[in-house]
Amino acid sequence: MNHINKIEHLGIAVKDIEQANTLYEKLLGVPPYKQEAVESEAVITSFFKVGDSKIELLASRQDDGPIGKFIAKKGEGIHHIAFDVDDIVLELERLEQEGFQILNKTPKKGADNKLVAFIHPKTTNGVLVELCQEVPK
């Protein structure tokens, strides 16, 4: 049984979403297919489709939000890697049993019609890991 299906997207923290959209549109040769605010995280996201994968740009709407703090500490760049899973609750339970520190024991609504939860980077070699499950229709 596959626990993780694929890399769903790479999240990239940016200071200016419009400037980053222009840059990535030139780089990838396609415009973003979706832009939306995620109020719970105080971010604006923008998604680009690249083959079967996606790039998610994240710009903070406030300096003390998660992305604002990340940029202040580390600068712009890769923020997280997201993996697609079929059952996020079961996967969180499995990973916790394997010794990973789960940041969101209860999945929450994220961008692009996903339920999301994060794994602390101190248990994943410094990489913030996001699990994503498509919200059932």
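1. Tyr 24 counts as buried, at 17% relative accessibility. Buried here means under 20% relative accessible area, exposed over 50%, and partly exposed in between (1.4 Å probe, protein chains only). The model is predicted, so local features need pLDDT of at least 70 and side-chain atom pairs count only at pLDDT 80 or more, while totals for chains, interfaces and linings use all residues. Residues are numbered from 1 along each chain as its sequence is written, and side-chain values use heavy atoms, with hydrogens and water left out.

2. The structure holds 2 aromatic pairs. The Tyr 24 and Phe 48 pair is tilted, because the ring centres are 6.2 Å apart and the planes stand at 45°. Tyr 24 lies in helix 1 and Phe 48 in strand 3, so this pair ties together parts that are 24 residues apart in sequence. Phe 48 counts as buried, at 0% relative accessibility. Helices (H or I, at least four residues) and strands (E, at least two) are DSSP runs, numbered from the N terminus.

3. What is the geometry of the rings of Tyr 33 and Phe 47? Their centres are 6.0 Å apart and their planes are at 40°, so the pair is tilted. Tyr 33 sits in the loop between helix 1 and strand 2, and Phe 47 in strand 3; the pair links distant parts of the chain, 14 residues apart. Tyr 33 is partly exposed, with a relative accessible area of 39%, whereas Phe 47 is buried at 2%.

4. The sheet is open and has 8 strands in the order 2-3-4-1-5-8-7-6, with mixed pairing. Its edge strands are strand 2 (34–38) and strand 6 (108–109), each of which pairs on one side only. Two strands pair if DSSP finds at least two bridges between them. Strands of a sheet pair through backbone hydrogen bonds, either parallel or antiparallel.

5. Two of the pairings can be set side by side. Strand 1 (residues 6–14) and strand 4 (residues 53–60) run parallel and are joined by 6 bridges, with Leu 10 opposite Ile 55 in strand 4. Strand 2 and strand 3 are antiparallel over 5 bridges, and here Glu 36 stands opposite Thr 45 in strand 3. Strand 2 and strand 3 form a hairpin with 4 residues between them, and Ala 42 in the turn has a positive phi of about 55°.

6. Helix 1 (residues 17–28) lies across strand 1, strand 2, strand 3 (43–50) and strand 4, and runs at about 5° to strand 3. Helix 3 (residues 88–97) lies across strand 7 (114–119) and strand 8 (128–134), at about 150° to strand 8. Axes are lines fitted to C-alpha atoms, for helices over the stretch in contact, and angles run from 0 to 180 degrees between N-to-C directions. Contact means heavy atoms within 4.5 Å.

7. Which elements give two or more residues to the largest nonpolar core? This core has 11 residues, among them Ile 81, Leu 92, Ala 117 and Leu 131. Strand 5, helix 3, strand 7 and strand 8 each give two or more residues, and helix 3 gives the most, with 3. A nonpolar core is a set of buried Ala, Val, Leu, Ile, Met, Phe, Trp, Tyr and Cys residues joined through side-chain atoms within 4.5 Å. Ala 117 touches residues including Ile 88, Leu 92, Val 129 and Leu 131.

8. His 79 is in strand 5 (residues 77–84) and counts as buried at 13% relative accessibility. The side chains of His 79 and His 80 make a polar contact of 2.9 Å.

Definitions and conventions: A polar contact is a pair of N or O atoms within 3.5 Å; within protein, one must be able to donate a hydrogen and the other to accept it, and residues adjacent in sequence count only if both atoms are side-chain atoms. Rings of Phe, Tyr and Trp (its six-membered ring) pair if their centres lie within 6.5 Å; planes under 30 degrees apart count as stacked, over 60 as edge-to-face and the rest as tilted. Lists of a residue's contacts leave out its neighbours within four places in sequence.
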